[in-house]
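Here's a quick briefing to read alongside the model. Have the sequence open while you go through it.

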Amino acid sequence: MRVRPRLPSRSAGWARLVPRPRSGPFSARWWRSPLRGLRLTSPLGLVLLPGIVLLLGTGLLSYAAYNPDLSPANDMTPDKGWLGFYLFSWPTDPDWLYRLTQGVHVTLGITLIPVLLAKLWSVIPKLFALPPARSLSHAMERVSLLLLVGGGLFVFGTGVLNVQLAYVFPGSFYTLHFYGAWVFTAAFVVHVALRLPRAVRAVRARRTVRAGSAGAEESERERAEEADARLRPPHPVEPTLSRRGALGMVGGGSLLLLATTVGQNFDGLRRTALFAPHGGSDPGAGPNGFQINKTAAHVGVTPERTGPEWRLALHGRGRELRLSRAMLLELPQHSVALPIACVEGWSTSDQWWRGVRLLDLAALVGHRRQPPDLFVVSVQPSGSFRAAALRDNQVRDPRSLLALYVNGEPLSLDHGYPARIIVPAAPGVLNTKWVGRMTFGALS
Amino acid sequence: MRRHDGRRGGWRNGRRDRWFGHGPLRPTLLLTSFVLTGYAGVRLLAGDWLWVTAWFVGAALVHDLVLLPLYALADRALRAAVPAGRHRRTVLNCVRVPAVLSGLLLLVWFPLITRQVAAYEAITGLSAEVYLGRWLLVTAVLFAGSGGWLAYRLSTDRRREVDAPSAE
């Protein structure tokens, strides 16, 4: 005979709907580090704010430096729409401009990683906070925070992988990093607008306390104290590291990353860049021994394509010329000292380039005055940026060359023999190597 | 209606709070931000949307549910391993600091250090073998430096202990 289970009493049934004491990470008791609190989070946030603004700014500049609105060949994100609202003609002065902006972008990004990780660590209990939303506004805020965290890690992650040439992401780096950065920016602006006042208050109150608080600031101090309590665990374990010590460790991590990366931007310091992908040592010795973005072998440029049979096809106002390297060497030669700077954040100090001015080549095919934009195509059979467009201001700069020599020697195959473009302040990928065709007045 | 005026007002406020929480400014800001998110997001997902989403969400999940618990657990294990005593804090931090710095380098540069970048040498003309050695070397220097500092701290402390009775 089966015993009929006793029906739960009415009150027990209701009890199930009453929120139980939360457990695991959903309970405030789970989080016990005495370091957590607004006093740790605020200084980290106040470092990240200018840092990330600088990263976003230099990132937007890097996109502008490609002159993406000039030609589809230069634009890796052609469906950008309004996101290209700010684009402008990239200047050729100062010649270290892209070296500076992109060096800052990559090196600063790497330096900020410990600060970002520490910031995320300091607020992790908030991820598990219940109820999920107190109001629609609060729900939207939490969605925005997920976009902030996901977007931040996504943008930093793709950047760090890309500079290491670990092209493992699902799509073009440019697409992911550019649109990912905009998704992040949308959430970042909201986060700053909502949290900056609180962070400033916390840091200011701390200073007031240290200076010996005056009565007038007492309420401010109390408010900061109250906000701090929101991130502080209710039952902290005994501290084994001071807040200042923790901040020092984060700063130490940033300094270590900076010290082992920044050398990738200076030939004299390159040996100190122990982990930067273009740091440590140079690929060779002698005049052609400086850093190479992509070797000839990797992109399929063989000596056959660049040997005695090689000719430069020069197109202009209805004219077409085919020039051998010997013929190019008979044209007026000019020397110029210019750096090479790559989107991946490394650069070299000035190299001495020697070759024919783009202005003179334009004149040969009928553009004697005010030459137009220029389309350059490489003999390179594979890889991105086999072709690139240069804007008229770049063509008209007398320092812009079709280089044949570097540092007193003919270009090596890896540096673009028989001839390469070098334009002041242009990103490395626009300085086309192994040039096969140049068309003045065309953009594709 | 006469009787419940106050209550109705309270109820209305309750409903408004449920929707807006902090007044209309905040949801307006958030909605504007979501417009931009949508505009960029559509373009971000235009290609392989499933994998891009997986990367976007995965980045947060791996960090929040794997990486962060991992280093929290490592620290808990360390705290359990170091016995209570006067020098506990010093010992803990002399392990923590070099471990954090070394772990940070590994986290940022793991594709190069663990030689995951197959084409690195072909692309740059540089050797990919150097990174593991450099990381081990930096790690060794960090731990050696930290160990030296710990030994110094312990010895000065012991000397103070020896000196203390005579000073009394």
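In which loop is Pro418(A) found? Pro418(A) sits in the loop between β8 (409–410) and β9 (420–422) of chain A, where helices (H or I, at least four residues) and strands (E, at least two) are DSSP runs, numbered from the N terminus. Keep in mind that this is a predicted model: local features need pLDDT of at least 70, side-chain atom pairs count only at pLDDT 80 or more, and totals for chains, interfaces and linings use all residues. Residues are numbered from 1 along each chain as its sequence is written, chains are lettered from A and ligands numbered from 1 in the order in which they are written, and side-chain values use heavy atoms, with hydrogens and water left out.

- Most residues other than glycine have a negative phi, and most peptide bonds are trans.
- Tyr417(A) and Pro418(A) are joined by a cis peptide bond, with omega about 10 degrees.
- Another cis peptide bond links Asp93(A) to Pro94(A), with omega about -10 degrees; Pro94(A) is in the loop between α2 and α3 (97–127) of chain A.
- Asn407(A) isn't a glycine, yet its phi is positive, about 50 degrees; you'll find Asn407(A) in the loop between β7 (401–406) and β8 of chain A.

**Confidence**
- Chain A has an average pLDDT of 91, and 93% of its residues score at least 70; pLDDT is the predictor's confidence in each residue, from 0 to 100.
- Over residues 7–15 of chain A, pLDDT stays under 50, and the model has one contact beyond four places in sequence for them (contact means heavy atoms within 4.5 Å).

**Domains**
- Chain A splits into domain 1 (24–263) and domain 2 (303–440), with bounds that come from an automatic or database domain assignment.
- The C-alpha centres of domain 1 and domain 2 of chain A are 40 Å apart, and 30 residues of domain 1 of chain A touch 29 residues of domain 2 of chain A.

**Cavities**
- Three cavities of 30 Å³ or more turn up in a search of the whole structure. On a 1 Å grid over the protein atoms alone, a cavity is a set of points where a 1.4 Å probe fits but cannot get out, and lining residues have an atom within 4 Å of a point. Grid points are joined across faces, edges and corners, and a volume is the space filled by probe spheres set on the points.
- The largest cavity has a volume of about 80 Å³. Of its 10 lining residues, Arg39(A), Ala202(A), Ala205(A), Arg206(A) and Ala224(A) are the closest to its centre.
- The second largest cavity has a volume of about 60 Å³, and its lining includes Asp95(A), Tyr98(A), Pro339(A) and Asn431(A).
- Domain 1 (24–263) and domain 2 (303–440) of chain A both give residues to the lining of the second largest cavity, so that cavity lies between them.

Notes. On a 1 Å grid over the protein atoms alone, a cavity is a set of points where a 1.4 Å probe fits but cannot get out, and a pocket is an open set with protein on both sides within 12 Å along at least five of seven lines; lining residues have an atom within 4 Å of a point.
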